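Please keep the sequence and the structure at hand while reading.

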Amino acid sequence: MREASLERLKGEMDRHWRRWVLIAWVAVAAWYMYDRWGQIRWWSLGDTDDNMRLMQVRAWMAGQGWYDLRQYRLNPPLGFDIHWSRIVDLPIAGLILFFRLFTTPAWAERLACGLAPIIPLSITMLAIAATIRRLIEPYLWPLGIVLLLCASATQLMYMPMRIDHHGWQLAMLAVTVAGLCDPQGRRGGAMVGLASAVSLAIGLEMLPYAAMAGAILCLRWVWDRAEAPRLAVYALTLGGGSAAGFAAFASNANYAMRCDALTPVWLSVTVAAGALLFLLARINPESRGARLGLAVVAGAVIAGGFASLFPQCLTRPEQVSPELQRNWLNNVREAKPIYKHPLRVALPMAIMPVIGLIGAALAAWRRRTIGWSAVALFTAFACAMLLWQARAAPAAQMLAVPGVAALVWMLLPLINRLRSPLLRVPLMVAVILVPTGVLAALVLKKLPATQPTPYAARVNRATGQCVRTSVLTRVNVYPRATVFTFVDLGPRLIVTTHHDAIAGPYHRNGDAILDVQHAFQGGEAQARAIMKRHGAKLLLICPDMAESTNYRARAPGGFYDRMAHGWVPNWLTPLPLPKGSPLRLYRID
């Protein structure tokens with residue numbers, strides 16, 4: 001009877017797996033909305049990119065052109081161009097319009113910002129489930145879902161209020177992996193090509209993964225001539241999808257030959273790569289050596305053409321000035337390699353990708369399938385990306401799920417042979433908690449060394465307090481004006497108040513960022529001249545906010561450092577704010 005029930009359960013998990021994955025997603029979405037209700041209620045868009053995404057949606061819904069992605073409330077009146085596209089704006093705007101049918105506009109925005117990030121999680125869960133079904137067992141997909149939900153860095157990208165594009169790009173990456181191991185060649189090629197094209201149209205963050213996916217498909221064709229249909233469909237969908245994405249979503253500013261978005265530069269690369277790969281698949285020589293030679297020639301043509309036609313893109317795609325790169329971009333914490341982060345941060349990030357790579361390599365060795373070989377290569381590439389930038393952790397953890405699932409599936413029969421439940425049950429729990437890094441994170445939190453110093457605690461407290469909605473909205477008692485404030489405070493200020501700001505942490509806003517830095521780090525006369533040039537009427541500072549510590553450290557005795565010590569020049573008039581406010585507001589005379 002027990003075996004019959006188990007077989008029925010396996011059959012149900014196999015036949016109706018999509019239905020059950022979506023039911024699981026609904027349950028997860030409901031929990032996330034409940035768990036993060038405080039952030040939704042208080043409009044806690046904690047990241048600057050999330051705030052800027054909402055401003056982009058607001059501007060579009062207020063009548064700004066589809067292809068005009070200039071943010072006019074930063075650095076007015078000219079504003080500055082955002083290098084994103086409107087793909088991610090669509091579900092947010094749709095949810096806002098839907099919720100407006102039942103509630104106020106303000107609450108419609110809150111609910112939309114809460115629900116929108118969870119939508120791409122459904123795609124990710126379906127893609128991970130499909131991958132586990134294809135690589136391990138058709139009924140084992142729930143294990144993949146559990147492991148995915150334990151991937152802490154990945155799940156942060158799907159949390160309510162995390163409305164920027166990272167969740168959607170992770171979803172496209174999950175679809176890419178499912179396509180790489182799809183036994184149906186044409187369908188798998190189409191999945192990889194379309195997912196790569198959509199991801200690139202959203203932003204270039206996943207460009208290395210898209211390139212690696214293309215290289216893996218090309219290597220599959222080199223190894224096995226029968227993979228030609230998969231490669232041909234991939235080539236067509238990559239080139240055609242990129243062209244369609246550019247036509248439908250590229251902003252007016254992205255028609256310039258820039259390197260930081262899907263501009264004519266990268267469109268040329270994807271279309272040319274698609275054409276060459278399609279040609280290779282059509283020629284499809286019988287000799288493996290000939291196929292390898294053609295692939296090398298095609299790669300050399302693409303690389304050589306890119307280097308000769310777009311030499312400006314051989315360096316950092318942001319193309320910022322050396323000063324801005326030195327004083328800002330090089331100091332972005334997420335952009336540093338994982339080994340430059342403290343152990344308490346790096347270890348939980350790295351455990352899952354490393355164990356996932358071990359599991360994928362073992363599975364590829366034991367099963368000898370092209371699908372597992374492709375996933376192992378992709379997982380190894382994700383681990384290597386961590387050595388470049390720690391911001392690769394969400395993708396690396398997600399890509400590790402199939403390898404960790406395979407390793408767990410290998411270990412469970414061994415654990416099940418143990419007679420004592422006192423050993424068997426804890427080991428079964430540990431086999432989930434250890435590979436996902438959950439146990440390491442719990443242990444590291446308890447170590448005394450992880451407790452912040454009093455100074456760090458003060459900075460963390462100020463950084464959190466000054467961006468609170470209830471704090472910033474008090475500035476609305478003063479008439480609308482251009483406010484000179486910190487770079488990291490600019491996007492949050494324009495979301496929560498009617499005031500405009502000067503800069504946000506975006507490389508196309510580089511000149512304004514440098515102006516803010518020069519004002520706070522220079523002398524009094526320079527600061528006043530820069531503020532006047534930008535038409536600023538108010539000065540807003542938050543003592544001990546993280547950004548302000550840089551100005552004090554780099555320029556002792558500079559304008560901001562003197563103000564932090566209580567000095568106020570005679571051309572600044574202090575303006576009252578509620579008692580206990582962490583902000584200081586001044587009128588610029």
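Phe486 is buried, with a relative accessible area of 0%. The model is a predicted one, and a search of the whole structure finds 23 aromatic pairs.

**Aromatic pairs**
- The rings of Tyr139 and Trp409 are edge-to-face, because their planes stand at 75° and their centres lie 6.4 Å apart.
- This pair links distant parts of the chain, with Tyr139 in the loop between α7 (119-135) and α8 (141-150) and Trp409 in helix α19 (residues 393-416), 270 residues apart.
- Tyr139 is partly exposed, at a relative accessible area of 23%, and Trp409 is likewise partly exposed, at 28%.
- Phe486 and Tyr560 have ring centres 5.7 Å apart and planes at 75°, so this pair is edge-to-face.
- Here Phe486 lies in the loop between β3 (482-484) and α24 (490-496), while Tyr560 belongs to helix α28 (residues 559-564), 74 residues apart.
- Tyr560 counts as buried, at 1% relative accessibility, and ring pairs join Phe484, Phe486, Phe520, Tyr551 and Tyr560 into a cluster.

**Charges over rings**
- The charged end of Arg288 sits over the ring of Trp223, 3.9 Å from its centre, and Arg110 lies over the face of Trp107, at 5.4 Å from the ring centre.

**Cavities**
- The whole structure holds four cavities of 30 Å³ or more, and the largest cavity has a volume of about 90 Å³.
- The largest cavity is lined by 16 residues, with Ser85, Ala201, Asn254, Ala261 and Leu262 nearest its centre.
- That lining divides into ten nonpolar, six polar and no charged residues, and α11 (185-202) and α13 (228-249) each supply at least two of its residues.

Terms used
Residues numbered from 1 in each chain as written. Predicted model: local features only at pLDDT ≥ 70, side-chain atom pairs only at ≥ 80, totals over all residues. Heavy atoms only, no water. 1 Å grid on protein atoms, 1.4 Å probe; cavity = no way out; pocket = protein on both sides within 12 Å on 5 of 7 lines; lining within 4 Å. Points joined across faces, edges and corners; volume = space filled by probe spheres on them. Helix = DSSP H or I, 4+ residues; strand = E, 2+ residues; numbered from the N terminus. Nonpolar A, V, L, I, M, F, W, Y, C, P; charged D, E, K, R; others polar. Phe/Tyr/Trp six-rings, centres within 6.5 Å; stacked < 30°, edge-to-face > 60°. Buried < 20%, exposed > 50% of the residue type's maximum accessible area, 1.4 Å probe, protein only. Lys NZ or Arg CZ within 6 Å of the ring centre and 35° of its normal.
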